[in-house]
Amino acid sequence: MDNLFGNWSHKNTHKNSKRGNIGMTEVEDYMWSVRVTIGTPAQTFFLVPDTGSGEILVPDSSCSTSSCGSTTSRYTKSASSTAVDQNRGAVNSYSFGLQNSGEVIKDTVTIAGSTVTSQQFVSCKTMSSALLAIPDVDGLGLGYAPLAASGATPFPFSNQAANGGNYFAMRLSDTYGYSELSMGNIDRARVGGQVHSFNVGLNANTGALKYWQIGLSSPNINGGAAVFGSRKTMIFDSGSNYIYAPPADAATFYAQVPGSAQLESGSNTYWTYPCANPPTVTFTFGRTIGFAWNKYAVNQNDFNLGLAAAGSSLCVGAVVGIDLNLGGWVLGTAFLKNWLVVYNMELNQISLAEPKDRQPTYIP
């Protein structure tokens, strides 16, 4: 096992260190939310933890239903004694053509027992259709600073500076009570096997840290060798549902899946496979610190997006072809829900371990 906890304990036993675990709720298939409070007195929101974004997004109290949906949780700046208007706006654009805009505010934010007193976020006047479709759920960006259009320091990094919390972790599960977000703390009782750590790679488009990503990686099918002769970059994105690959990569991937066929083409290209013969899909990542290559599996139930048509013997695969121009594949929750994933800001590393489920975590 990597010296995971040993590497971190010297920072996180500081007397001012804030840490905690909080349960998450599955609000839609492949999507979870966590309770977040903002302001004084606290205003409560349920946000989707999104490692592919750097921004906290909540609907503003002045935002119309047509622009911000039917969510009942709205941020009211005048109701918070600690709110500080930054006198500027921000527009966040996402890879799927989605967009949110609003005014930039600083206020006290608490997540999983960790409090930052001057956290910058966007109080939205318009929100993307993806968030509008899910009542009472907004966005919690956990990525690097370049992903925050407002210029905010994302919450994990603010928490690191304010409280000494050098990492956060997520366990996603379809079983109620087993999904958990940790800030500055790892519940060791949830670690069921060896912990392997991988260095975060630089973004190919910017040459800087931008996404939680691992280079020198590849998918593997049915226990075979790496699908590609050259290694790929894998971006860990808890705000995405499926596994997204450039269309040419998706075609190469499915060419090694027995009985697969392209279902449809367009901006998103889906593929089918025989439901009776699902592939075993694993991923190998980067240069494992101190270990040989390790394979990380996608549960066959999570790889299956459903029947191609009613009564069909063909199922739709979770690897979807789309050109996002991000410099790599995107591993969404179809992959992430199989593993306990730790994101370390101090070391710029991602660590993976088999989850060990015990008594459910309280979900407020």
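Are K337 and D302 buried or exposed? I started with this pair in the predicted model. K337 is buried, and D302 is buried too.

**Salt bridges**

I searched the whole structure and found seven salt bridges. I then went through some of them.

K337 and D302 form one, with their closest N and O atoms 3.1 Å apart. I looked up where each partner sits. K337 is in the loop between α7 (333–336) and β24 (340–344), while D302 is in helix α6 (residues 300–303), so the bridge ties together parts that are 35 residues apart in sequence.

Next I took D249 and K232. Their side chains meet in a salt bridge at 3.4 Å, N to O. D249 belongs to helix α5 and K232 to strand β14 (residues 232–236), so this pair ties together parts 17 residues apart in sequence. I checked the accessibility of D249 as well: the residue is buried, with a relative accessible area of 11%.

K125 lies in strand β8 (residues 114–126) and E103 in strand β7 (residues 99–111), so the contact ties together parts that are 22 residues apart in sequence. How exposed is K125? K125 has a relative accessible area of 35% and is partly exposed. E103 comes out at 18%, and buried means under 20%, so E103 counts as buried. I also noted that E103 and K125 belong to a salt-bridge network with K77 and D85.

**Helix α5**

I returned to the helix that holds D249. Which residues of α5 (residues 247–254) are buried? They are D249, A250, F253 and Y254. Seen down the helix axis, these buried residues fall within an arc of 130°, so they line one face of α5. I recalled the helix geometry here: an α-helix has 3.6 residues a turn, so residues three or four places apart point the same way.

**Nonpolar cores**

I looked for F253 again in the core listing. The largest nonpolar core has 65 residues. F253 is among those with the most contacts inside it, as are L181, W212, F236, F283, F285 and F335. Strand β3 (residues 31–38) gives the most to this core, with four residues. There is also a second, separate core of 11 residues, which includes L147, Y211, Y244 and L326.

M170 stands opposite L181 in β11. L181 had already turned up among the residues with the most contacts in the largest core.

**Strand β13**

My last stop was β13 (residues 213–221). How many of its nine residues are buried? Seven are, and the strand is mostly covered. I looked up two of its pairings. β13 pairs with β14 in the antiparallel sense over three bridges, and Q213 stands opposite I235 in β14. β13 also runs antiparallel to β18 (residues 281–284), joined by four bridges. There, S218 stands opposite T284.

Notes:
Residues are numbered from 1 along each chain as its sequence is written. This is a predicted model: local features need pLDDT of at least 70, side-chain atom pairs count only at pLDDT 80 or more; totals for chains, interfaces and linings use all residues. Side-chain values use heavy atoms; hydrogens and water are left out. Buried means under 20% relative accessible area, exposed over 50%, partly exposed in between (1.4 Å probe, protein chains only). Helices (H or I, at least four residues) and strands (E, at least two) are DSSP runs, numbered from the N terminus. The arc is that of the directions from the helix axis to the C-beta atoms. A salt bridge is a side-chain nitrogen of Lys or Arg within 4 Å of a carboxyl oxygen of Asp or Glu. Two strands pair if DSSP finds at least two bridges between them. A nonpolar core is a set of buried Ala, Val, Leu, Ile, Met, Phe, Trp, Tyr and Cys residues joined through side-chain atoms within 4.5 Å.
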